[in-house]
Amino acid sequence: MTIENASLLSPQMKKSAEQYYKACEVIPGGVTANIKYIAPHPIIMERGSGSKLYDVDGNEYIDYLLCYGALILGHGHTAVFEAISKQMKEAGTTIFGTPHQLETVMAEKLIELYPGIEMVRYTNSGLEATLLAIRTAMAYTGKPKLAKFEGHYHGGYDQVLISVNPDINQAGEAHNPYAVPESKGVPDYYVENTIVLPFNDLEATEQILRTHKDELAAVILEPIQGGFIPAEPEFMKGLRRITKELGIILIFDEVKTGFRLSLGGAQKMYGVTPDITALGKVLGGGFPVGAIGGRREMMMISAPDGGRDILTAGAVSRDEREVLFHSGTYNGHPTVLAAGLATIGTLEEANVMDALFNRTQLLRSELEALYRNYGVAMQTVGKGSIFNIVLTDAPIKNYRDMGKANMQLRKEIDYELLRLGVYIKPLNRYSMSVVHSEEDIARTVAAHESALKCV
């Protein structure tokens with residue numbers, strides 16, 4: 001089946017098509033986020049349970065998207081449902097709009113788990129977390145520019161919508177990439193004040209950072225690009241060494257990797273400690289959430305008095321313009337934090353993470369063996385409980401390397417998998433949950449085999 005014939009999905013998904021076209025009348029493009037769109041129409045889901053999703057036509061899917069990795073416990077996990085029900089019943093409200101105890105409990109847990117976190121502030125999404133992390137770095141250093149890596153995504157806002165999926169013909173040399181805006185409406189200011197770096201190329205990265213050291217506030221990166229292309233250990237160690245030497249803040253965007261590579265994220269796995277960490281997704285147990293954590297002296301500049309005398313008697317009032325402004329009505333939402341704490345508590349139980357990683361590796365190994373038997377060049381790329389299927393034998397170290405993969409064949413396989421009851425947005429990474437079973441894995445491998453025979 002070719003992508004041009006993807007409308008063949010429609011007879012099986014008639015109600016999805018109908019509901020989508022109805023949505024198009026009141027929602028631009030029929031979707032509330034561009035990433036939710038799948039041609040010729042997205043599949044409209046009705047309910048979830050464990051590792052499964054069910055659409056409005058009654059079709060069942062083994063879900064490997066898992067809300068882009070957020071649902072590490074799967075759909076409707078008892079621990080999460082019980083925690084949010086208990087919290088709301090005991091609190092007698094959905095939200096206080098004031099400080100509450102769970103804010104401190106979650107902060108203490110994150111400080112315990114993440115080497116780079118000494119203090120915590122909450123946001124309502126991973127996007128907001130990276131935004132606050134960058135603002136904190138710029139406030140702390142007083143420098144105006146940001147460095148990010150080509151192919152890395154940090155949220156859908158102007159400052160970081162640069163060189164996420166650039167056209168290679170416009171993106172400059174591999175060792176010295178250009179800053180390419182990712183969307184209409186991104187002001188030239190951000191293009192001019194963003195330095196783009198080549199991922200997993202330490203020599204070129206160091207040269208660029210040394211050239212711009214006096215104007216760079218921070219370097220931000222996904223330790224695992226796109227959730228599946230790992231940074232090489234020596235690259236991570238070298239980047240930490242160079243940024244520390246040059247006085248540039250190092251920000252780890254662990255929105256995708258938090259709790260998915262280890263309970264302490266990528267920084268714990270690599271043994272490399274950033275100055276600031278951004279978290280999201282798994283942290284909320286299926287609810288909108290974000291958080292940043294970092295060194296105490298950096299984090300304290302967002303305190304109401306900028307960090308001076310906050311814990312002493314006779315605090316001194318300061319001009320608000322000297323304080324890093326951070327606010328949000330729903331920051332630290334008690335129901336969200338209850339869901340997140342229940343999720344983390346489940347992951348901390350004996351053997352839960354090990355079993356999750358073992359099942360992830362089982363699926364990867366079975367798929368690689370299957371594709372070899374069919375003579376299709378393929379590798380699974382990733383770490384922990386997340387990976388992607390890349391149809392090439394060539395090494396994959398960065399965004400440009402993905403150009404070596406057979407994307408057209410991968411799309412055709414993914415569309416056939418949707419028809420066969422395996423849900424993954426075409427070309428997206430696979431995220432595993434603690435409730436994916438060996439039966440799910442066997443069914444998934446069988447579906448891949450059927451897809452390979454069809455395409």
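Q: In which helix is L66 found?
A: This is a predicted model, where local features need pLDDT of at least 70, side-chain atom pairs count only at pLDDT 80 or more, and totals for chains, interfaces and linings use all residues. Numbering runs from 1 along each chain as its sequence is written, and side-chain values use heavy atoms, leaving out hydrogens and water. Helices are DSSP runs (H or I, at least four residues), as are strands (E, at least two), numbered from the N terminus. L66 belongs to the run covering residues 66–69, helix α2.

Q: What is phi of L66?
A: Most residues other than glycine have a negative phi. L66 is not glycine, yet its phi is positive. The value is near 50°.

Q: Is L66 buried or exposed?
A: Buried means under 20% relative accessible area, exposed over 50%, partly exposed in between (1.4 Å probe, protein chains only). L66 has a relative accessible area of 0%, so L66 is buried.

Q: Where does S163 lie?
A: S163 also has a positive phi, near 50°. S163 counts as buried because its relative accessibility is 0%. Its place lies between β5 (145–149) and β6 (172–173), in the loop.

Q: Which residues does a cis peptide bond join?
A: The omega in question is about 0°. The bond joins A39 and P40.

Q: How many residues of α11 are buried?
A: Helix α11 covers residues 334–347. This helix is mostly covered. Of its 14 residues, the buried number is 13.

Q: How far apart are the end C-alpha atoms of α11?
A: The expected span is 1.5 Å times one less than the number of residues. For the 14 residues of α11 that should give 20 Å, which agrees with the model. The end C-alpha atoms are apart by 20 Å.

Q: Which residues does F259 touch?
A: Contact means heavy atoms within 4.5 Å. Residues up to four places away in sequence are not counted. F259 then touches I72, L110, L113, Y114, G265, V282, L283, I344, L347 and M353.
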